[in-house]
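Please open the model in your viewer and keep the selection tool at hand.

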Amino acid sequence: MVTDKTTLVVNRDNCPLCKSKGRKILFSAKHNSPGFIDFIKFEAYYSDAFYKAFHNSAANELLYEIAECDDCHFIYLTEVLSDMGMGLLYNEWLDKEMLRVHYSKLPHIIYHEHMVSVLRKHFNKKQQPTLMDFGAGYGRFVEMSVQKGFKTFAFDIGADKNDFMDNMGVTIINNLSKHKNYFNVIWVNQVLEHVSDPLGIVKELTESLTDDGLIFIAMPDCTHVKKILEQKPLSQELFRLVSPHQHINAFTNNTLKLLGINSGLIPLSMVDFFKLYNFKLSPAELKFLVKKTIKNSGASTGLLFKKK
């Protein structure tokens, strides 16, 4: 039982991307304020253990406060779960069986399969290039990676997810420091909106990338979050973008670029695509790659990066 809020949260006094202290508060409410529980209930996969903790411990004392950086205009929650809190969230507060069933029923993502095929073709001179899925979940992407011939690694903090991937032919890792300059491809899809220190993590991932490697980063596109805040505060539409425990960073395409640049990466441009791939890809493959990694795609924004 969590009795002390200070062990459960960390306060982000600086912007997670540029470290500026200047910010304006866009919205602020305590989790135990009247009606806030209805906002929390937009998460369909909280377990009985979460609601027990919420009603009987310091878990209901958290602050839902949305700030915008004065300098880079990144939007983020100021008070977020600590490492201990994240462990509780992903190993106790979210219903593992409900999530497993949910992900098992999701439709096959064609563009992920196409993307891993294109990346494998780029590294076709390597007998078995290395790929790591950071935040691998239940292994839908790593399964495709193995099938396409990558030596595949997975990193995830969910113990149940690691157990689920155990027989997929992937290597489960939990320490990036042992894999410096090792991975040809790093896949970070729908992960960095969840973490308290996205800049620190991407810097660490950059150190794990080979000099000729590529890293794909994608997350929800939060371009319209301020408009939603003004028109529909504490709505399901807002919850999908900035939620009390999980979606704690609201990225746009521009702030995603800034994250990469501040981490020692460069987003690929059209010139880079033609130079890097040296016409090994068909026109259709190049068009696909540009569409998915330069422009926003649907509800998500994603970019391919290389080292500076």
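The model is predicted: local features need pLDDT of at least 70, side-chain atom pairs count only at pLDDT 80 or more, and totals for chains, interfaces and linings use all residues. Residues are numbered from 1 along each chain as its sequence is written, and side-chain values use heavy atoms, with hydrogens and water left out.

**Stop 1: the cysteines**

Please select Cys18, which is partly exposed at 30% relative accessibility. Then select Cys15, which is buried, with a relative accessible area of 0%. How many disulfides does the structure hold? The number is 0. A disulfide is a covalent bond between the sulfur atoms of two cysteines; here the criterion is a pair of cysteine sulfur atoms within 2.5 Å. The cysteine sulfur closest to that of Cys15 belongs to Cys72 and lies 3.5 Å away, which is too far for a bond. Cys18 is likewise in no disulfide, and its nearest cysteine sulfur, in Cys69, is 3.5 Å away.

**Stop 2: two positive phi angles**

Move to Lys19, in the loop between β1 (9–11) and β2 (23–30). Helices (H or I, at least four residues) and strands (E, at least two) are DSSP runs, numbered from the N terminus. Lys19 has a phi near 70 degrees, a positive value in a residue other than glycine. Its relative accessible area of 41% makes Lys19 partly exposed.

Next, select Leu234, in the loop between α10 (225–231) and α11 (236–241). Leu234 is not a glycine either, yet its phi is positive, at about 55 degrees. Leu234 is partly exposed, with a relative accessible area of 29%.

**Stop 3: helix α12**

Display residues 253–262, which form helix α12. Which residues of α12 are buried? They are Asn253, Thr255, Leu256, Leu259 and Gly260. These residues cover an arc of only 165 degrees around the axis, which puts them on the same side of α12; the arc is that of the directions from the helix axis to the C-beta atoms. To see what they pack against, display α9 (198–208), β10 (209–220), β11 (249–250), β12 (265–267) and β13 (300–307). After α12 comes Gly264, whose phi is positive, near 90 degrees.

**Stop 4: Arg120**

Select Arg120 in helix α6 (residues 110–122). At 17% relative accessibility, Arg120 counts as buried. Arg120 lies over the face of Phe150, 5.9 Å from the ring centre. A charge sits over a ring if NZ of Lys or CZ of Arg is within 6 Å of the ring centre and within 35 degrees of the ring normal. The side chain of Arg120 also reaches the backbone oxygen of Lys148 at 3.3 Å. Such a polar contact is a pair of N or O atoms within 3.5 Å; within protein, one must be able to donate a hydrogen and the other to accept it, and residues adjacent in sequence count only if both atoms are side-chain atoms.

**Stop 5: Thr130**

Thr130 lies in strand β6 (residues 130–134). Is Thr130 buried or exposed? Thr130 is buried, with a relative accessible area of 7%. Its side chain reaches the backbone oxygen of Tyr182 at 2.8 Å. Beyond its neighbours within four places in sequence, Thr130 is in contact (heavy atoms within 4.5 Å) with residues including Phe150, Phe153 and Phe183.

**Stop 6: the aromatic rings**

The structure holds 21 aromatic pairs. Rings of Phe, Tyr and Trp (its six-membered ring) pair if their centres lie within 6.5 Å; planes under 30 degrees apart count as stacked, over 60 as edge-to-face and the rest as tilted. Phe141 and Trp187 form a stacked pair, with 3.8 Å between centres and 5 degrees between planes. Phe141 lies in helix α7 (residues 140–147) and Trp187 in strand β9 (residues 183–189), so the pair ties together parts that are 46 residues apart in sequence. Both Phe141 and Trp187 are buried.

Now select Phe153 and Phe183, whose ring centres are 5.3 Å apart with planes at 70 degrees, so the pair is edge-to-face. Phe153 is in strand β7 (residues 151–155) and Phe183 in strand β9, 30 residues apart. Both Phe153 and Phe183 are buried.

Finally, select Phe27, Phe36, Phe39, Phe42, Tyr64 and Phe239, which ring pairs link into a cluster.

Note on methods. Buried means under 20% relative accessible area, exposed over 50%, partly exposed in between (1.4 Å probe, protein chains only).
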